[in-house]
Amino acid sequence: SGGKFSLPLEPIAGVGDWRNKEGQLTLLRALLIVTPSVYKFPLEEGEERKDAAAALVDVNSSGGTASPSLLSSSCPNPGGFACSKVLQRLLSLSDEPKLHQSAREVLGMGLQSCPEIILCALVRLQLSNAAAMNVADTPPQQLASIRARAQAGMPLKGELMRELIPLFFSPNPKWVVKNPTGAIRRLWEISPNTVVAACVEAFKVLPTAEERAEVVAFQCNLLRK
């Protein structure tokens, strides 16, 4: 039945490079716009629990309650954006000059529809790669592969974070995030230091004392909830 098919992610978005990278990006985009009722992205426990700040409770046809799942009224398949393998592959593909804009547009779908998930997933992936690099006695060849993953898509990561930080950590009348408190709570579980750094970054880019005071009040109210 629908939703029980789990994608074989290793050949689709695993560590191996495709010769036809444009085709791989096209496939990933197509998979991300199909709803979870068709298939689900296989997620690790931390990705399901921490990255899905917009998680809702699925209600089955008999009126009972199923296990919490990655659902969103506006994001076609939020589990895909929470999946570290998919995110890692999109970032790696963005390093190809001719594919950068297309990869940016795919992640832009998540940025527009489920920014909570993109924010938490980016930070979680960065921390995961950093932790892997610090494991003692890692063979040099494996360490080189881990380092390449950590450095993949750095320009695109920077672009996304520059949009995400003011979206969550500054008052934004043009675009109201549906669940900012839930997102920040999840992000705090993943990395308290990132929350503090984002608060400081949102504060220091503002030119006037009045704007900075407004941001501080906004952040205090957000973190207090």
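**Figure 1. Contacts across the chain.** Of the contacts (heavy atoms within 4.5 Å) with a separation of 6 or more in the protein, 71% are between residues 24 or more positions apart. This is a predicted model, where local features need pLDDT of at least 70 and side-chain atom pairs count only at pLDDT 80 or more, while totals for chains, interfaces and linings use all residues. Residues are numbered from 1 along each chain as its sequence is written, and side-chain values use heavy atoms, with hydrogens and water left out.

**Figure 2. Helices, strands and surface.** You'll find 12 helices and 2 strands here (DSSP runs: H or I of at least four residues for helices, E of at least two for strands, numbered from the N terminus). Starting at the N terminus, they go α-α-α-β-β-α-α-α-α-α-α-α-α-α. Of the 225 residues, 40% are buried (under 20% relative accessible area, 1.4 Å probe, protein chains only).

**Figure 3. Helix α6 beside helix α9.** Residues 100-113 form α6 and residues 154-169 form α9; the two pack at about 30°, with axes 11 Å apart (axes are lines fitted to C-alpha atoms over the stretch in contact, and angles run from 0 to 180 degrees between N-to-C directions). That angle is why α6 counts as roughly parallel to α9 (under 35 degrees).

**Figure 4. Who meets whom between α6 and α9.** From α6 come His 100, Ala 103, Arg 104, Leu 107 and Leu 111, meeting Leu 156, Glu 159, Leu 160, Glu 163 and Leu 164 of α9. Sorted by class, that's 6 nonpolar, 1 polar and 3 charged residues (nonpolar: Ala, Val, Leu, Ile, Met, Phe, Trp, Tyr, Cys and Pro; charged: Asp, Glu, Lys and Arg; polar: the others, Gly among them).

Technical notes. Angles under 35 degrees count as roughly parallel, over 145 as roughly antiparallel, 65 to 115 as roughly perpendicular and the rest as oblique. Buried means under 20% relative accessible area, exposed over 50%, partly exposed in between (1.4 Å probe, protein chains only).
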